[in-house]
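Please read the report below alongside the model. It moves from single contacts to the whole chain.

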Amino acid sequence: MTTHAHTEHHAHGGHDAPAGLPGGLQISQDGYTLELTETIRHTGEFEFRFRILGPAGDPVLDYTPLHDRDLHLIIVQRELTGFWHVHPELTADGTWSVRLNLPVAGAYRAFTDIAPRDLGKTITLGADFAIAGAYDPQPTPAPVRTAEVDGYAVTLDGDLVPGAGRMLTLTVRKDGEPVTDLQPYLAAYGHLVILRAGDLAYVHVHPNGEPGDGVTAPGPDITFHTAVPGPGTYRLFLDFKHGDTVRTAAFTLPTIRP
């Protein structure tokens, strides 16, 4: 698997989608459109470019920051075996650009978490693109409760229940010892992206509490209040920072009945 890097409860991609529709399933919402410059690329390194077009068809230049950034870009393989949380740069003509290295051919989806200032709320737009080459489809990874990455073990406690909010706690350990000095990353001790296998319904959740609030400990536990849009199997990607490096722990979790 390829994974790369990323108070009160905050969630993107669910609350501001049209009624009954999960976030990230639309290329256009509330008059705003995600326009990819190219939808077919080849494996390896390339410049990924896109624009956000406003209701009048012009590129959007003014955004309200979300956790220290004007835009969060999430790239995933449709099988949910690869995940990238990156932050492009905006040029004067309204084009966003970031260097990517996607070594595996197949179908991909790009998600943009944005809050255009004129819109006054957060939305998540999604668009498909393809990486050309020999394609070897892979199944969605089997369910796990502990993920290992770079010598860290992250354990997931809690369940996903359709139609009901639930607490998920992710506990970070290194070499068997609890990590109690997590570093802030984008104004939080963790960022959790949740995607449903099959349609890629999208939720981006930030943890309860925040660095410097005098209450929230810097690990080993990171707790999220989480609601998913319906039944299914979900992939969960946790970005956390320690030792000046952002790492991603990935889990597969099916929903349970209420």
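A residue is called buried under 20% relative accessible area, exposed over 50%, and partly exposed in between, using a 1.4 Å probe and protein chains only. The model is predicted, so local features need pLDDT of at least 70 and side-chain atom pairs count only at pLDDT 80 or more, while totals for chains, interfaces and linings use all residues. Residues are numbered from 1 along each chain as its sequence is written, and side-chain values use heavy atoms, with hydrogens and water left out.

**Salt bridges**

A salt bridge is a side-chain nitrogen of Lys or Arg within 4 Å of a carboxyl oxygen of Asp or Glu. The whole structure holds eleven of them. The table lists some of these pairs.

| Glutamate 38 | Arginine 41 | 3.2 Å |

In the pair of glutamate 38 and arginine 41, glutamate 38 is partly exposed at 38% relative accessible area, whereas arginine 41 is buried at 17%.

Strands (E, at least two residues) and helices (H or I, at least four residues) are DSSP runs, numbered from the N terminus. Aspartate 62 sits in the loop between E6 and strand E7 (71-77), and arginine 117 in the loop between strand E11 (106-114) and strand E12 (123-132), so their contact ties together parts 55 residues apart in sequence. Aspartate 62 is partly exposed, at 41% relative accessible area, and arginine 117 is also partly exposed, at 42%.

Relative accessibility is 30% for aspartate 159, which is partly exposed, and 34% for arginine 145, which is partly exposed. Elsewhere, salt bridges with shared partners join Glu45, Glu47 and Arg99 into one network.

**Strands and their pairing**

Two strands pair if DSSP finds at least two bridges between them. Five strands form an open sheet in the order E3-E4-E6-E10-E9, with antiparallel pairing. Its edge strands, E3 (28-29) and E9 (89-90), each pair on one side only. Within this sheet, strand E4 (residues 32-36) is joined to strand E6 (residues 44-53) by four bridges, and the two run antiparallel. Leucine 36 has phenylalanine 50 in E6 as its bridge partner.

E7 and E8 also pair in the antiparallel sense, over four bridges. Isoleucine 75 stands opposite tryptophan 84 in E8. Four residues lie between the strands of this hairpin, in which leucine 80 takes a positive phi near 65°.

Is strand E8 (residues 82-86) largely enclosed or largely open? Five of its five residues are buried, so E8 is largely enclosed by the rest of the structure. Gly82, Trp84 and Val86 point one way from E8, and Phe83 and His85 point the other way.

**The whole chain**

The secondary structure of the protein chain comes to zero helices and 21 strands. Its C-alpha trace spans about 50 × 45 × 40 Å along the principal axes. Buried residues account for 48% of the 258 residues in the protein chain.
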